[in-house]
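Subject: A structure for you to look at

Hi,

Here's the structure I promised to pass on. Open it up first, then read on for what I found in it.

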Amino acid sequence: MWRKNSKNVSPTNQTDTTLTITEDVEQNIEQIKHCLGDPFDLVYKEYKFKRTAFALCYIDGLISTEDLERTVIPSLMDWFKENDSSSGARDFSQHIQVPKKLNTTSDFSIMLTALLRGSTILFIKKGTEAFLISDQHWETRSIEEPSSQTMVRGPREGFVEALAVNSTLIRRRITNPRLRFKSFIVGEMTQTMVMVIYIEGLVNESALNVACSRITNAKASEIFETGMLEELIEDKGYSPFPTLIDTERPDVVSAALTEGKLAIMMEGSPFALIGPATFISYFQTAEDYYNRFDLSTFLRMIRFIAFWIAFALPATYVALTTFHQELIPTDLLISLAAQREGLPFPAIVEALIMETVFEILREAGIRMPRPIGPAVSIVGAIVIGEAAVTAGLVSPAIVIVVSLTAIASFANPYYSIAGSARIMRFVLMLFAATAGIFGILIFTLILCIHLVSLRSLGEPYMSPFAPFSMKKQKDTVVRFPMWWSKRKKRWKQEA
Amino acid sequence: MKNFYALFFFSLIFLGGCSGQEELDELLILTGIGIDQGDDQNVKVTFQATNPQAQAGGESGGGGASQATSYTFESEGEDVVAAVFNANNLLSRKLFFPHISSLVVGEDYARENGLHEISDFLERHYEIRDSYMLFIAKETTASDILNTFPPLDNSSIQNIKRLVEVPGSTIGLKDGIELEDFIRWRYGDDRDAVITGVERVTKETDSSNTESLNEIEGNKNALRLTGLALFDKDYLVDWLSYKDSVAWVMINGESETVKNYTVPCRDSKGTIGFLLKEMDIKAKPKIEGDQLTYMIQVRGHFNLQGMTCKIDLSTDKGVTELQDIINTNLEEDLQTSVENAQDLNLDYFGIKNYLFKNQPNQWEKAKDDWESLYAQMEITTEVDVYLESPGARVGNNEES
C-alpha cells in the first residue's frame, strides 16, 4: 500500500523551481497558496504602511501565536512605522528584535519547507528575501512514564513524540558541553528530522561514521517510527536478532551515551535507538545500576535463564519426551507417561497447538479494544489452562511448558529480542521434533555462528565474549560493584 | 552457498523424518527384569513395567487406584535374547529398557546357568545402562520377587532398590552391587564376585495381589536383604552369613560411613550395640617368600547405642574395657570371615588382584601355587576403635 502510493513526490519538486521570492508581498502569498493548494490552515496577514508593507504567513497549529502576537508583530510594527524597507534586509534584521531565531532565504523552496516545518515567514515589500522566524510550537503529549519499559526504581520520565522535548530530557541528564546533536533529514516524502546524539570524544568514531553515512544514504520515502529507521540503518541480512537497542527511557539513552555509544532519535517517535548494541546489552537494564550489584547480578542471571526458557523449553520438552526418554528421571517419566495416555496428537503437534493458541491470545490481547480485555483473558485462561486438558486435547505438562515459556518471554527487558526468541522457538521445535537433542544442538550452533558473525554499526555483536575481552567482563553477566571500575572516563585525543 | 545451507536444513527436517521418535504412550517403561529357569532348559524373563495410569496422581490418571501400579510380564525362550524377543508377542507397546533400576536373578538359574549369558546380553544392549543393581533371589525365583506388591513402595523393584539405597541395613552396603561391578570382578579383576541377595520375608503368603496390601501386617508382603550371594566364576555357590557379608563390606571399603554393629559382652550375658564411624580400613595382602599374609587394620571410633554389660563407663578403666571388648570382637569377626573365604577357596576379597597390582614380580612366581598359598595364608587383624561418645548418658543400669 505505502509503496504503491509513494511516487517520487517531495515538497520541493512539487513546486515549480522557477518560482522565486518576488518584491511583491501579495504575489508571494499567492504563490504559497498555489503551491500548497490553498490550505485551510494557512494564516497570512498583510500590514501596509505609507511607504512599505510586510506580510506574515504561517501554518496554524505549528507555531505559537501567542509569541507572535505579543512580541513579533508589535516590534515589527514599530520598526516599519519609522523605516523604509528599502534600506535593506541587513539593516532590518540587525535592528529588530524577534525572540526566536531569524533566518533569511531567497530560495522559494527552502522558504516553503521552513513554512511547513513551523516557521513564520515574513515578507517585506521590495525585498527579495524571506525572513524565517523559527518559533515552532505545537501540541505534544506530556511526559509520562514509559509504558513498554517499566521499572521499580528509577526515573519515571519517558520520551515523547516531540524531538525538542526529548533532546531536553537528555540535556538535563548530561550537562556536558561535549554532548552533540547532529541532525539529518530522512524520507523523500516525509522529510523527517532525525537526530544522532553522542558525546564528542567519547563516542566510538567508526560506529558514528557508519551510522551517519547510513542515515544520509537511507533511501526511504517515508519513516514514521525509529523501527523503520532501524531497518535502514542495520546491516543487510535476514537476521532474526535486532542489532540496535530501542528504548523509551532517557536515562537508558544517557547511560549509553556515557559509555561511548550513540543514540538516534526522530521526530514523531518516542523510541530512541542505541548503537552499537551487543547481545549482552539486551539483558541489562538501567535498573541494574540503580539496584545493589548483587541483586542486579542475580536478576541478570534470571533474565538469561528466562531467555533460554523462552527459546528452548518447548523444544526441549518435545525432544526429551519423544527421543530421549532415558534422560527423564523415572518418576517424572512415569507421571508424564500417565498424562500422555489416550491423547490424540504427538507431542510436537501438542506443543505447536498450544504455542499457536498462546500467540493468538497474546496478539489479541495487544490489539483488542480495551473494554473487551477481560473477556479475552477469561476465555484464554479457560482454553489454555483448563478446558484443553479436561477435553483430552493436550496434556497438563504441555500447558505448564507453554505457560512457563510465555512468562519467561515477558521477563526480557527488551521487547525486540524477546520477539526473536519467540520466532526461533518455533524453528527450534521443528528441529527438536525431527532430530531430538541433536536437532536442538544443530540449530543452537547455527545461531551461535550467526550471532558471532553479526555486527551492529560495524562493531561485533557478541562482544565482549567474541572477541573476548577480560576487562569488559566487569559488566556483562555479572555486574561488579561500581567502585571496581575507574571513575574517570578516559577521553579520546581531540581530533 | 545459501542454497546449500537451505538444502541441508530441509533435508535434516524432512529426510530425518522423525525417525527414532517415540511417543510416551507407545512405550512400556520397564523398571526391572527378573531372570529364571524356565521349562525345558528355557530361560524365563520377567519384566516389571510401570502402569502410568495408576501411578500418576491427580485427575488425569484415568484408571486411578483401581489398577495395579505395576504389571509383570513373563516370556520364555531358548536364551535371554529369544525370551526378550518373544515378549513382543504379548505386549502392545515397545519395551523401553533405560529406566531399569535392578536386575533380579533367581537362585536356581544363578546356580545352574550362571550369569555370563545375562551379562553379555545386558551389557551389549544399547538401551540398558550397566549401572543398575543386581540381586539374587534367595531360595525363590525372580518372578516371585517381582510379583510381590510391597508395602510403601510402588513396585517391588523400587522397593529392593531403596532397601539398598536407604542407609542403615545390616550389611551396610554403600551403593549396592551393580552389573558393572560384577563384570569388572568377574572378567577384569579375576576375583570372585558377590551379589546382594533379596528374599521374601514370609514365603507362604501370596503377595501378588493388591488386596494383600489392605492388611496391617506389612511383613507379609515385605522383601528383605539377605547376606551376599557368593559366586565362583559365573555360578552361584553359596550365601555369606550376615557377619561375613558385613566383613566383606568393611574390608572392601564399600561400607556406609556410619555402621551399626553389635558384639556380645565378655563374660556375662548381654550385648553392646554401637555405631562405627569414620572408619579407616586397610587390608593388604603381602607375599614374603612362600608365605602370604593378609593384614587388616581398622581405625575409627564408635558411639555407644545400647549396652547390657557390667561396665562402668564413668571410669577410665571401664572405657578401656569396653574398647577392648569391641576391638577383640571385631578382630575375631574379621578373622573368621577371611578364614571362611579360605575354607571355600574363593577369593572374594580380591587378594589375587591386589597382589597382581602391587607385587607383580612375586605374584608371577607364586601364582601357580595359588591354592596352597591361599589355604596357608596368615591373617592378622588389628582393630583400634575408640569411644567417641557414650550417648546421652554415662551411667549404667547393670551396675550393681
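To start, how many bridges join strand β8 of chain A to β10(A), and do these strands run parallel or antiparallel? There are three bridges between β8 (residues 245-247) and β10(A), and the two run antiparallel. One pairing to look for is A:Ile245, whose bridge partner in β10(A) is A:Ile274. Before you go further, keep in mind that this is a predicted model.

Now look at the other neighbour of β10(A). Strand β9 (residues 262-266) of chain A is also joined to β10(A) by three bridges, and this pair is antiparallel too. Here A:Ile264 sits opposite A:Leu273 of β10(A). β9(A) and β10(A) make a hairpin with five residues between the strands, and in that hairpin A:Gly268 has a positive phi near 95°.

What about the two faces of β10? In a regular strand, side chains alternate between the two faces of the sheet. For β10 (residues 272-275) of chain A, both faces are covered. A:Ala272 and A:Ile274 are buried on one side, while A:Leu273 and A:Gly275 are buried on the other.

Then have a look at chain B. Its secondary structure comes to 13 helices and 13 strands, and its C-alpha trace spans about 85 × 60 × 60 Å along the principal axes. Of the 400 residues in chain B, 37% are buried. Taking contacts in chain B between residues at least 6 apart in sequence, 72% join residues at least 24 apart.

One last thing, this time from a record: an unreviewed UniProt entry annotates residues 226-391 of chain B as "domain: Spore germination GerAC-like C-terminal". Over those residues the chain is 36% helix and 40% strand, with the end C-alpha atoms 30 Å apart.

Cheers

Technical notes. Residues numbered from 1 in each chain as written. Chains lettered and ligands numbered in written order. Predicted model: local features only at pLDDT ≥ 70, side-chain atom pairs only at ≥ 80, totals over all residues. Buried ≥ 20, exposed ≤ 12 C-beta atoms within 10 Å, placed from the backbone. Helix = DSSP H or I, 4+ residues; strand = E, 2+ residues; numbered from the N terminus. Pairing = 2+ DSSP bridges. UniProt positions renumbered as here; feature names shortened; annotations may be inferred. Contact = placed C-beta atoms within 7 Å.
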